[in-house]
Amino acid sequence: MARKILTEHINVPGIETFDVYRKHGGYTAVEKVIKTMTPEEVVEEAKKSGVRGRGGAGFPMGMKWGFLAKPEGVPRYLVCNADESEPGTFKDHHLMKSIPHLLIEGMIVSSFALGANKSFIYVRGELMYVIRILEKAIEEAKAKGFLGKNILGSGYDLELVVQPGGGAYICGEETALLESLEGKRGNPRNKPPFPAVKGLYQSPTVVNNVESISNMPWIINNGGDAYAAIGIGRSTGTKLISASGHIRKPGVYEIELGVSVDEFLNSDEYCGGIRDGHYLKALVAGGSSVPILPAHLITKTANGEDRLMSYESLSDGSFATGTMLGSGGFIVFDETACIVRNTWNFSRFYHHESCGQCSPCREGTGWMEKVLHRIEHGHGNMHDIDLLVDISKKIEGNTICPLGDAAAWPVASAIRHFRDEFVWHITHPHEASQPGAVYRDAVLA
Amino acid sequence: MTETSNPVAFTPERLEKVKEIIDRYPAGRQKSALLPVLHIAQEQWGWVSSEVMDYVAGLLDILPVEVYEVATFYTMYHLDAVGKHVIEYCRTGPCCLMGGEDIYDYLKEKLGINAGETTPDGLFTLKEVECLAACGWGPVFQIREKFYMNLTREKVDQIIEELSK
């Protein structure tokens with residue numbers, strides 16, 4: 001069994017309560033930082049751990065903390081990004097509902113490190129039941145003296161606020177999240193200034209993902225070096241992977257970074273392989289935004305090396321033959337899946353979720369959706385394929401926030417690796433909207 | 001499908017809750033309470049009318065337009081009257097891989113309505129939503145705070161029957 005940092009106790013009955021969580025070692029990290037460490041020492045452990053942003057960007061968390069401005073007399077804020085909405089990603093949902101105190105403990109430790117006295121957990125509004133679970137956990141922690149005024153008699157005060165979103169994928173982008181938290185539309189901000197200098201209420205702010213923050217109790221208890229010893233190279237520690245699609249065992253799994261894609265996909269400890277009677281066609285490894293890979297590039301890189309579940313190995317070959325670890329939204333497609341239909345579906349998602357601020361994204365996502373719709377429904381022409389590539393290139397890199405890139409990559413990669421399937425849809429208009437199995441029987445079989 | 005009561009006002013318990021929420025933010029930052037307060041409004045009236053938006057603007061001491069632009073941006077707020085149960089059906093890729101489109105067609109046929117419509121008896125409104133972060137348990141829909149997962153035709157039958165009682 002692989003080492004578990006976040007999910008070791010997740011199935012213990014009653015772990016959502018303070019007492020059971022405490023009995024399994026909970027809140028010892030709070031005691032340790034409050035009684036024996038300075039904020040700078042906590043930041044140092046985060047840096048040593050090498051833990052990288054688990055929401056998708058993969059930026060080293062300790063380094064991000066190091067950028068926080070500390071002007072005299074100005075409050076600083078920690079905001080937890082729990083706006084999990086990247087298609088294929090449901091790890092934070094699982095973690096927060098199952099073991100809410102882990103995030104609360106991580107928030108206390110991290111807020112102490114950053115010198116924040118008021119911190120926020122921004123949870124997507126659809127998870128209102130999870131918000132209630134978190135609020136209950138916060139009440140318990142407060143009653144036990146781990147939150148609120150004068151924590152454990154140290155003089156350190158911290159208030160935790162859980163904020164619901166209103167249904168908008170864009171608020172997972174950190175500056176859009178801050179706008180939303182201020183009671184505004186979720187329009188991403190131009191950077192600079194970065195949130196570390198001017199964030200929430202124009203004050204220095206750090207925004208971190210749920211899973212990133214939830215690693216902090218273990219890092220404090222065991223040391224940043226011990227965390228960095230897990231994993232492979234610059235992919236330190238463990239990662240939660242949300243596995244969905246045509247596999248035998250969908251669910252959330254904690255892996256040590258560096259386990260092979262083959263093992264993750266096929267072993268009974270994880271996905272358990274492709275569902276019976278079918279075979280692997282494609283994989284989206286890190287949430288809907290990252291490039292889709294065809295079967296021959298999934299378990300091996302283009303150079304024939306084993307592909308590993310790590311930031312570096314998944315991106316080996318760049319976008320020509322690689323992809324990204326992203327948020328860990330692992331979506332598996334067997335040969336019955338229609339790549340064109342799925343690409344159209346994802347395009348519709350990004351069009352729906354574009355905030356409309358930048359015209360390349362606002363117009364481009366809708367345009368791609370329309371072109372993909374007509375190809376999927378038997379009205380496409382050959383020119384459309386290159387048109388899609390052209391639109392995707394004109395969105396990429398030309399928007400304030402990364403939603404534009406996120407919309408462009410799935411389209412560009414689907415055409416890069418599955419161009420024949422797009423061509424077939426255009427040359428077979430009467431069969432184009434049929435299920436993927438029709439294409440399989442006609443072409444792949 | 002009830003009309004918003006006139007004059008518009010929160011129940012005393014909800015008004016208390018709203019005040020408590022406003023107090024969470026630093027002084028002068030009460031606008032931060034807007035999204036949570038709109039959720040509470042929707043809980044009370046089922047949807048958010050322009051009269052309700054004006055009322056919320058007054059409570060938070062902000063301009064009505066500041067409420068309009070938020071209520072129309074975020075998809076969870078219903079801007080028209082809805083049925084007793086709003087079924088928010090996930091239409092995004094991973095759920096579709098698990099047969100989400102077939103189940104959706106079945107549900108529409110069963111209720112006799114399309115997305116955005118309400119059944120004539122006022123019991124069900126159907127709404128299409130994007131990814132609900134439950135992809136491993138798809139197909140999925142949500143009614144208020146509850147998730148209905150791993151949907152099959154039989155499960156849909158059961159749920160609709162249960163909620164029709």
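Reader: In which strand of chain A is the place of F120(A)?

Author: This is a predicted model. F120(A) sits within the run of residues 118-123 of chain A. That run is strand β2.

Reader: Is F120(A) buried or exposed?

Author: F120(A) has 27 C-beta neighbours inside 10 Å. A residue with 20 or more such neighbours is classed as buried. Therefore F120(A) counts as buried.

Reader: Which residues does F120(A) touch, not counting residues up to four places away in sequence?

Author: Start with the strand: F120(A) belongs to β2 of chain A. Contact here requires C-beta atoms within 7 Å. With residues up to four places away in sequence left out, the list is Y77(A), V79(A), C80(A), V161(A), Q163(A) and L181(A).

Reader: How many Å apart in space are F120(A) and A82(A), C-alpha to C-alpha?

Author: In sequence, F120(A) and A82(A) are 38 residues apart. In space, C-alpha to C-alpha, the figure for F120(A) and A82(A) is 9.9 Å.

Reader: What is the phi of Y27(A), and where is the place of this residue?

Author: Most residues other than glycine have a negative phi. Y27(A) is not a glycine, yet its phi is positive, about 70°. Y27(A) is placed in chain A in the loop between α1 (18-23) and α2 (28-36).

Reader: Why does Y27(A) count as buried?

Author: The cut-off for buried is 20 or more other C-beta atoms within 10 Å. Y27(A) is buried because its count of other C-beta atoms within 10 Å is 21.

Reader: Where in chain B does P139(B) lie, and what kind of peptide bond joins G138(B) and P139(B)?

Author: P139(B) is in the loop between β2 (124-129) and β3 (141-143) of chain B. Omega for the bond from G138(B) to P139(B) is about -5°. The bond is cis.

Reader: What is the omega of the cis peptide bond from K191(A) to P192(A)?

Author: Most peptide bonds are trans. The bond from K191(A) to P192(A) is cis. P192(A) is found in the loop between α8 (174-181) and β4 (205-209) of chain A. Omega is near -5°.

Reader: Which element gives the largest share of the side of chain A that touches chain B?

Author: The contact takes 46 residues from chain A and 33 residues from chain B. Elements giving two or more residues on the chain A side include α7 (128-143), β3 (159-164) and α15 (339-353). The largest share is six residues, and it comes from α15(A).

Reader: How many Å apart do the C-alpha centres of domain 1 and domain 3 of chain A lie?

Author: Chain A is divided into domain 1 (18-228), domain 2 (238-334) and domain 3 (339-444). The contact between domain 1 and domain 3 of chain A takes nine residues from each. Their C-alpha centres lie 36 Å apart.

Reader: How many Å apart do the C-alpha centres of the domains of chain B lie?

Author: Chain B is assigned domain 1 (12-71) and domain 2 (85-164). The distance between their C-alpha centres is 29 Å.

Conventions: Residues numbered from 1 in each chain as written. Chains lettered and ligands numbered in written order. Predicted model: local features only at pLDDT ≥ 70, side-chain atom pairs only at ≥ 80, totals over all residues. Helix = DSSP H or I, 4+ residues; strand = E, 2+ residues; numbered from the N terminus. Buried ≥ 20, exposed ≤ 12 C-beta atoms within 10 Å, placed from the backbone. Contact = placed C-beta atoms within 7 Å. Domains from an automatic or database assignment.
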